[in-house]
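Suppose you have a new model open on your screen and want to know how to read it. Let's go through it together, feature by feature.

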Amino acid sequence: MKGARLYLITLAGFALLCVLIYSATRSTAVYYYELAEAVQEKPDREIRIGGQVVPKSITYDPENFLLSFLLYDPKHPEIRIKVVHKGPRPDNLMDDVMALVRGKVDWEQGVITTRGADGLLVKCPSRYEPPQ
């Protein structure tokens, strides 16, 4: 009797652990798309999109922490999407730098909205320049 009770408690604990692991990985797992691929598929969930910042497209409102810019796909320069980020402007965000954004896309407006520190990642351009 005591062994069966211990077995049930262990089994319930294991099941709870499995549910917690599943919910944690499901909430952090976000699919990565190339910009052209995302525009073609138009996924209806939170996604990550990588691209380059369109020159002279960056606008920032420091009072409201509102940043917006356009991203384009280097393989398909005609494909662009507007990024609206709620948060501080990264210091290394500049024209033609590679950026990775995470958020939900409004396909009718052609806008991806992000927020927080993990919503916008910018590659450091000095690390990707060829040595001189």
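Predicted model: local features only at pLDDT ≥ 70, side-chain atom pairs only at ≥ 80, totals over all residues.

The dialogue below goes from the overall layout to single residues.

Q: What share of the residues counts as buried?

A: Of the 132 residues, 30% count as buried. The protein exposes about 9,300 Å², and carbon and sulfur atoms supply 59% of that area.

Q: Which residues of the largest nonpolar core touch the most other members?

A: A core is read from buried nonpolar residues whose side chains meet. Here the largest one has 22 residues, and Ile49, Val53, Phe69, Leu71, Leu93 and Val101 touch the most other members. The elements giving two or more residues to this core are α2 (35-41), β2, β4, β5 (76-86), β6 (98-106) and β8 (120-122).

Q: What does Val53 contact, leaving aside its neighbours within four places?

A: Its partners include Ile58, Phe69, Leu71, Leu93 and Ala99.

Q: Is Gln52 buried or exposed?

A: Gln52 lies in strand β2 (residues 47-53). Gln52 is buried because its relative accessible area is 15%, and the cut-off for buried is under 20%. Not counting residues up to four places away, Gln52 touches Leu70, Leu71, Tyr72, Pro74, Asp96, Val97 and Met98.

Q: Now the charges: how many salt bridges are there?

A: Here is the general idea: side chains of opposite charge can pair when their charged atoms come close. In this model the count comes to two salt bridges. In one, Asp44 pairs with Lys104, with the closest N and O atoms 2.8 Å apart. That pair links distant parts of the chain, as Asp44 is in the loop between α2 and β2 while Lys104 is in strand β6, 60 residues apart. Asp44 is exposed at 65% relative accessible area, and Lys104 is partly exposed at 42%.

Q: What does the salt bridge of Glu46 and Arg102 tie together?

A: Their side chains meet at 3.0 Å, N to O. Glu46 lies in the loop between α2 and β2 and Arg102 in strand β6, so this pair ties together parts that are 56 residues apart in sequence. Glu46 counts as partly exposed at 37% relative accessibility, whereas Arg102 counts as buried at 13%.

Q: How do I read a loop residue, and where is Asn64?

A: Check its place, its cover and its partners. Asn64 sits in the loop between β3 (59-61) and β4 (66-73), and counts as partly exposed at 41% relative accessibility. The side chain of Asn64 makes a polar contact with the side chain of Asp61 (2.6 Å). Asn64 and Pro88 are 24 residues apart in sequence and 9.2 Å apart in space, C-alpha to C-alpha.

Q: Which residues form a nonpolar patch on the surface?

A: Tyr7, Leu8 and Leu11 form one, with about 340 Å² of accessible area together. Tyr7 is in helix α1 (residues 2-28) and counts as exposed at 56% relative accessibility.

Key: Residues numbered from 1 in each chain as written. Heavy atoms only, no water. Patch = residues over 30% accessible without salt bridge, like charges linked within 9 Å, V, L, I, M, F, W, Y side chains within 5 Å. Areas by Shrake-Rupley, 256 points an atom, 1.4 Å probe, with all protein chains shown as cover. Salt bridge = Lys/Arg side-chain N within 4 Å of Asp/Glu carboxyl O. Helix = DSSP H or I, 4+ residues; strand = E, 2+ residues; numbered from the N terminus. Buried < 20%, exposed > 50% of the residue type's maximum accessible area, 1.4 Å probe, protein only. Contact = heavy atoms within 4.5 Å. Polar contact = N/O pair within 3.5 Å; in protein donor to acceptor, adjacent residues only side chain to side chain. Core = buried A, V, L, I, M, F, W, Y, C linked by side-chain atoms within 4.5 Å.
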